[in-house]
Amino acid sequence: MQLTAAAAAISTAVPDPLHTLLVLGCTAVGALLVTLLTGRITARLARSESRPFWGRLRNRCHRPWTVTLLSVALLAAQPSAGLRGQLDDDVRHLLVIITIAAVSWLATAVLFLAEDAALRHIRVDVTDNRRARKVQTQLTALRRLTAVVVTLVAASAIFMTFDALRTYGASILASAGVAGVIAGLAAQTTLANVFAGLQLVFTDALRIDDVVVVEEEWGRVEELTLTYVVVNLWDERRLVLPATYFTTTPFQNWTRSESRVIGAVVFYLDHSTPVPELRAETQRIIAKNPLWDRREWTLQVVDTTEHSIVVRVLASAADSASAWDLRCDVREHLLGWLRDNHPNSLPRLRTERSGPGGPGGSGGAGDSGPLVVGEDFFDHVQVARR
């Protein structure tokens with residue numbers, strides 16, 4: 001009995017099944033042929049090395065374009081398919097939802113394609129790439145923001161296709177106010193990170209590939225999203241921090257104003273060190289080092305202690321990685337040069353033997369006594385090891 005009723009309902013909704021299948025089938029085949037033709041054209045254009053855009057267009061947009069064209073064609077042909085009653089309304093509603101989703105997918109793909117094209121024209125492998133990294137960071141954030149906005153608009157449009165949402169819009173808006181307050185309290189941390197991420201991106205406080213020191217760790221900003229920041233540390237570890245960390249906690253940004261970095265090497269040497277000769281040797285090895293950017297260098301005695309002098313060498317490099325390697329080269333060479341040419345310049349501990357009269361007495365050369373060492377012996381050893 002139920003099968004008979006179902007068959008009667010179908011025959012009423014689809015009075016001519018052959019006509020319906022013919023209309024919808026021919027429409028679908030025609031749409032697929034058009035997408036196949038456009039795919040062949042873009043594939044042929046992509047084979048040319050001088051036109052890489054077409055290859056990216058095919059890879060990024062071919063599938064959403066196929067779904068969009070197919071859904072739009074079926075939606076346009078649906079009134080001629082001969083459907084009646086509730087089935088006609090349900091099929092049309094389904095096709096509208098699929099079309100909205102497909103159009104949003106295609107729009108997101110086109111926007112991503114445009115952003116990719118813009119990113120490809122930004123050179124970050126140059127010496128002074130601060131502005132390029134700023135634009136790259138903002139485009140990356142806009143990519144994510146674009147996807148979120150398009151998805152929200154599409155979801156809203158799909159929800160509005162249901163009659164219940166339009167009929168009871170007032171009550172839904174009233175309840176949405178209460179639900180929004182609850183959701184806002186529950187997602188307070190997430191929203192704070194989102195706003196912090198936008199603040200970092202559009203105030204130029206932080207950029208991708210910036211050299212930073214956070215949590216006493218040195219690294220580069222590898223990924224900057226709307227909610228978190230990934231810092232690639234010097235030993236290939238990844239430090240993941242919420243975006244609010246960089247708006248509430250002080251941190252060091254070595255490439256905030258420019259990519260150039262000045263590296264420092266500190267030596268603790270004996271007071272007898274020939275500083276002019278050391279300066280001449282430092283100039284010689286820095287001048288021939290390809291990591292030096294030919295801008296700045298200096299050698300200064302910046303401090304003294306009871307047992308040593310503090311010598312600091314500064315040298316500029318194009319970026320932080322080059323500055324690190326330059327510091328290592330300078331430190332290694334100067335230590336070797338001092339060891340081979342001026343071994344007495346390396347930190348030493350001076351001692352004296354006290355005679356019968358105590359330290360400074362007139363015990364003579366043959367006197368023997370305990371070895372007298374300064375009270376800060378261990379402190380000096382720690383300083384010399386730095």
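Select β6 (261-269), β7 (292-304) and β8 (309-317). These three strands make an open sheet in the order β6-β8-β7, with antiparallel pairing. β6 and β7 are the edge strands, each pairing on one side only. Neighbouring strands here are turned by 15 degrees against each other on average, direction ignored.

A few ground rules before moving on. This is a predicted model, where local features need pLDDT of at least 70 and side-chain atom pairs count only at pLDDT 80 or more, while totals for chains, interfaces and linings use all residues. Residues are numbered from 1 along each chain as its sequence is written, and side-chain values use heavy atoms, with hydrogens and water left out. Helices (H or I, at least four residues) and strands (E, at least two) are DSSP runs, numbered from the N terminus. Two strands count as paired if DSSP finds at least two bridges between them.

Now zoom in on β7 and β8: they pair in the antiparallel sense over eight bridges. For a landmark, pick D303, which stands opposite V310 in β8.

α10 lies across β6, β7 and β8, at about 155 degrees to β7. α11 also lies across β6, β7 and β8, running at about 25 degrees to β6. For these angles, axes are lines fitted to C-alpha atoms, for helices over the stretch in contact, and angles run from 0 to 180 degrees between N-to-C directions. Contact means heavy atoms within 4.5 Å.

Stay on α11. Its 22 residues reach 31 Å from first C-alpha to last, close to the 32 Å expected at 1.5 Å a residue; the expected span is 1.5 Å times one less than the number of residues. Which residues of α11 are buried? Colour S320, S322, A323, L326, V330, L334, G336, W337 and L338. Buried means under 20% relative accessible area, exposed over 50%, and partly exposed in between (1.4 Å probe, protein chains only). The cover over these buried residues includes β1 (211-214), β2 (217-224), β6, α10, β7 and β8.

**Stop three: the cores**

Next, show side chains. A nonpolar core is a set of buried Ala, Val, Leu, Ile, Met, Phe, Trp, Tyr and Cys residues joined through side-chain atoms within 4.5 Å. The largest one has 21 residues, and L278 and V313 have the most contacts inside it.

Centre on V313. Leaving aside neighbours within four places in sequence, V313 is in contact with G263, A264, V265, F267, T282, I286, T298, L299, V330 and L334. Apart from this core lies another, of 18 residues, including V201, L224, L233 and A243.

Pick E216, in the loop between β1 and β2. Phi of E216 is near 60 degrees, positive in a residue other than glycine. Is E216 buried or exposed? E216 counts as exposed, at 78% relative accessibility.

Then jump to R294 in strand β7. R294 is not a glycine either, yet has a positive phi of about 65 degrees. With a relative accessible area of 47%, R294 is partly exposed.

Finish at S104 in helix α4 (residues 85-120). S104 is buried, at 16% relative accessible area. Not counting residues up to four places away in sequence, S104 touches V150 and A154.
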